[in-house]
Amino acid sequence: MSLAVPKRPVTNLLFLYPSFAHGNVPAVRRHESSTRRTTKRLRVKPDPSSFAPAVTADQLQQHVVFNPPSSSPSPYQTPAVFLPPSDPRRSLLAQAHDHANPYTQPNKRLPPPIEKSAEKRYHLKEEEVAEIRRLRQEDPFTWSRKKLAQKFDCSEFFVAMICEASPERKAQQQRALDEIKARWGNRRRHAREDRQKRRVLWGRDE
């Protein structure tokens, strides 16, 4: 009589006997002793240089703590106040500063400006200012600030400074603005209300 030897390990056949499997297979759990031991090993005290020594109130302003991370020394990371006078990193730090700020040298040419600043002109006389006010008051719908600025070769800001629109023109602009606001959705209306609230808080410095 020959015995049949199973090719699979016996431990893989435990699913055929549920009661035997649940009662004999050990469960991997972390016990209190191992947890305490792991926590104790991870509890590393900080380096003493991280704590500033006890100083008085008079020495508090002159006390500086420099605790850089553990890395190779670099002139870009170590301030010059912490370097000895004979340290070669001082010259490297000066060269790096000149390279990063090339236009601090007195004889260095600056790049050309992107936009030329507008030159202020005071070419309008009292008669022309009075004419701007008259045209703006008589027909504000035709003579807008843009047209008056083009006619008298000045800025729209200057036109707004010397004259105002008539009440009819302001009422028309307000009606046009109300029609635009009537087509706003809830999201845009709430956004504009929040913007107005923020401006009020800005004025209060809050």
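Biologist: Where is Asp 153 found?

Modeller: In this predicted model, Asp 153 sits in the loop between helix H5 (145–152) and helix H6 (156–162). Its phi is positive, about 55 degrees, although Asp 153 is not a glycine.

Biologist: Why is Asp 153 called partly exposed?

Modeller: The relative accessible area of Asp 153 is 44%. Buried means under 20% and exposed means over 50%. The value for Asp 153 falls in between, so the residue is called partly exposed.

Biologist: Is Ala 149 buried or exposed, and how do you know?

Modeller: Ala 149 has 7% relative accessibility. The cut-off for buried is under 20%, so Ala 149 counts as buried. Ala 149 has its place in helix H5.

Biologist: Which residues is Ala 149 in contact with, leaving aside its neighbours within four places in sequence?

Modeller: They are Cys 154, Ser 155, Glu 156 and Val 159. Contact means heavy atoms within 4.5 Å.

Biologist: How much of the protein counts as buried?

Modeller: The figure is 13% of the 206 residues.

Biologist: What makes Lys 151 count as lying over the face of Phe 152?

Modeller: Lys 151 is at 5.7 Å from the ring centre of Phe 152. The distance limit is 6 Å, and the charge must also be within 35 degrees of the ring normal. The distance is within its limit, and Lys 151 is listed as lying over the face.

Biologist: How many aromatic pairs does the structure hold?

Modeller: It holds 0. A pair needs ring centres within 6.5 Å.

Biologist: What kinds of elements make up the protein?

Modeller: There are 8 helices and 0 strands. Read from the N terminus on, the order is α-α-α-α-α-α-α-α. Among contacts with a separation of 6 or more, 28% come from residues 24 or more positions apart.

Biologist: Which residues lie nearest the centre of the largest pocket?

Modeller: Lys 120, Arg 121, Tyr 122, Ser 155 and Phe 158 do, out of 13 lining residues. The space in this pocket is about 330 Å³.

Biologist: How do the residues of that lining divide?

Modeller: The lining has 7 nonpolar, 2 polar and 4 charged residues. Lys and Arg count as charged, so Lys 120 and Arg 121 belong to the charged group.

Notes:
Residues are numbered from 1 along each chain as its sequence is written. This is a predicted model: local features need pLDDT of at least 70, side-chain atom pairs count only at pLDDT 80 or more; totals for chains, interfaces and linings use all residues. Side-chain values use heavy atoms; hydrogens and water are left out. On a 1 Å grid over the protein atoms alone, a cavity is a set of points where a 1.4 Å probe fits but cannot get out, and a pocket is an open set with protein on both sides within 12 Å along at least five of seven lines; lining residues have an atom within 4 Å of a point. Grid points are joined across faces, edges and corners, and a volume is the space filled by probe spheres set on the points. Rings of Phe, Tyr and Trp (its six-membered ring) pair if their centres lie within 6.5 Å; planes under 30 degrees apart count as stacked, over 60 as edge-to-face and the rest as tilted. Helices (H or I, at least four residues) and strands (E, at least two) are DSSP runs, numbered from the N terminus. Buried means under 20% relative accessible area, exposed over 50%, partly exposed in between (1.4 Å probe, protein chains only).
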